[in-house]
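Reader: I am new to this structure. Could you take me through some of its local features, one at a time?

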Amino acid sequence: MLLMPYERKEIAPEKIREQEEICRRIFDRVTADGGRPLAMVDTYGCQQNEADSEKLRGYLAEMGYGFTQDEFQADVIVVNTCAVREHAEMRVLGNVGALNHSKKARPGQIIAVCGCMVQQEHMAKKIKLSYPVVDLVFGPHELWRFPELLERVMQSGKRVFAAEKDLGAVAEGIPQKRDGSVKAWLSIMYGCNNFCTYCVVPYVRGRERSRRPEDVVAEARALVAAGYKDITLLGQNVNSYGKDLDCGVDFADLIRMVNDIPGDFLIRFMTSHPKDATEKLFKTMAECEKCAHQLHLPVQAGNDRILKAMNRSYTRQKYLDQVALARRYMPDLVLTTDIIVGFPGETDEEFADTLSLVEQVRYDAMFTFIYSKRVGTQAASMPDPYTRADKQKHFDALTELANRISGEKHREYEGKTLRVLIDGETGREEYNLSSRTNGGRLVHLKGDPSLIGQFAEVTITSSNTWALYGEIVTRTTDH
């Protein structure tokens, strides 16, 4: 796939200041009666969508809104959508349709649908024609001017659509309201240049564009100062970071820069594309004491013909060599992956190559999906003689294998003492706290909620396929 010419674009700071002024106008409007209006942000999809929703909430907070998860209490509802799989789109449409009930109960309610799904022309058109309950539609490239679009709806009383094709820009200075106080998403880049034949992301998220390293480091420094202990660097392909900048900083360099920030915290990242995962990256992960020995390295398939048809730009052997190299630098590496089952034309024999790769690599966890046809992608027009039942059979076999390996690997933790970050409550009575190891493995614990936000030494007492269970030995940091 040839990339369309793209000249890096940055939204001028004065444009963001204009949005802040609009926030103040909306604040005066919606709080004029002395009350506090409420907003609801409903998020679907990946961590980048979660990070985008933090910006939506940041803007809404500046406009004077509090937050609710009850659509019948909300004055503004924003649904932030995903386009990666058909199931996610159908869920969104079903839930948006159901908002008819809350809008009837609150006639002045404004409903916005944004994100990747509506960046697709056919989906934006579908909402326009079939979902009159929706007042505002905007794609990821328009998020930076959400206040302007919302004010237009408020002033005109008419529907507003802003999801034109765009290759994307970088906007700094958008306010953020984060969920929680322990873990934080930190976007370092946006977009994708890879054009995997099954994937719609490059079409809806635009071309790769990196934030400047000084902006990333400044945000990371602020997060550490605010007490965040687990910072995940985000991008569709973090390994491509910096290629569009003329500053001589690549992703491994950026990790070192964040690692140099004083404080006791963990650095994680996602997602890595195998074609760009380098020895320099693995060496940096091993040498930076704050960088978690955790790597999400999506393989997608274990057969070379399928990998080529997917336009993944690596072979099975190259991938296996990368895994071996990463494990040489980090023997305790926790490795996870994504795998697509039933790519158009995938035979039983080709799927067997995926099973054998999984047996060889022995992932700690896997995210597995049955292929979902995406309008506008190359794979959507590829011949596919196999039925959904055929694909389900393969999917079930892969899931069974993944669960067996995960259970075996989890049992190896039993009896060991590990450092974990206690990050939340489970809502259960017996094991009421959740935590994560350096490698991102979930550990359930018993303890006082005041421990949330602290590192602790924990002895693993038992396990199952999905989680570890442990007892706190000592706390290692103060909140």
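Author: Start with a residue in a loop. Phe195 lies between strand 8 (189–190) and helix 8 (201–205). Keep in mind that this is a predicted model.

Reader: What is the phi of Phe195, which is not a glycine?

Author: Most residues other than glycine have a negative phi. Phe195 is not a glycine, yet its phi is positive, at about 50 degrees.

Reader: Is Phe195 buried or exposed?

Author: The cut-off for buried is under 20% relative accessible area. Phe195 has 6%, so it is buried.

Reader: Where is Ser313, and is it buried or partly exposed?

Author: Ser313 sits in the loop between helix 12 (304–309) and helix 13 (316–329). Its phi is also positive, near 65 degrees. Its relative accessibility is 48%, so Ser313 counts as partly exposed.

Reader: Which peptide bond is cis, with omega near 5 degrees?

Author: Most peptide bonds are trans. With omega near 5 degrees, the cis bond runs from Met270 to Thr271.

Reader: How do helix 10 and helix 11 pack?

Author: Two packed helices are described by the angle between their axes and the distance between the axes. For helix 10 (residues 251–259) and helix 11 (residues 279–287), the angle is about 10 degrees and the axes are 9 Å apart. Angles under 35 degrees count as roughly parallel. So helix 10 is roughly parallel to helix 11.

Reader: Which hand does the crossing of helix 10 and helix 11 have?

Author: Here the angle between the axes is about 10 degrees. The crossing of helix 10 and helix 11 is left-handed.

Reader: Which strands stand at the edges of the open sheet of six strands?

Author: The sheet has parallel pairing and the order 2-1-3-4-5-6. Each edge strand has a single partner strand, so one side of each is left without a neighbour in the sheet. The edges are strand 2 (66–67) and strand 6 (160–162).

Reader: What is the bridge partner of Val79 in strand 4?

Author: Strand 3 (residues 76–81) and strand 4 (residues 110–115) run parallel, joined by six bridges. In strand 4, Val79 is partnered by Val113.

Reader: What about Phe343 and Tyr371?

Author: Their ring centres are 5.8 Å apart. Planes over 60 degrees apart count as edge-to-face. The planes of Phe343 and Tyr371 are at 70 degrees, so this pair is edge-to-face.

Reader: Which aromatic cluster includes Phe343 and Tyr371?

Author: Phe343 is buried at 1% relative accessibility. Tyr371 is buried too, at 11%. One aromatic cluster is formed by Phe343, Tyr371 and Tyr198.

Reader: Which ring does the charged end of Arg85 sit over?

Author: A charge sits over a ring only within 6 Å of the ring centre. The charged end of Arg85 is 3.8 Å from the centre of its ring, that of Phe369.

Notes. Residues numbered from 1 in each chain as written. Predicted model: local features only at pLDDT ≥ 70, side-chain atom pairs only at ≥ 80, totals over all residues. Heavy atoms only, no water. Phe/Tyr/Trp six-rings, centres within 6.5 Å; stacked < 30°, edge-to-face > 60°. Buried < 20%, exposed > 50% of the residue type's maximum accessible area, 1.4 Å probe, protein only. Lys NZ or Arg CZ within 6 Å of the ring centre and 35° of its normal. Axes fitted to C-alpha atoms, helices over the stretch in contact; angles between N-to-C directions. Helix = DSSP H or I, 4+ residues; strand = E, 2+ residues; numbered from the N terminus. Parallel < 35°, antiparallel > 145°, perpendicular 65-115°, else oblique. Left-handed = near helix turned anticlockwise from the far one by under 90°. Pairing = 2+ DSSP bridges.
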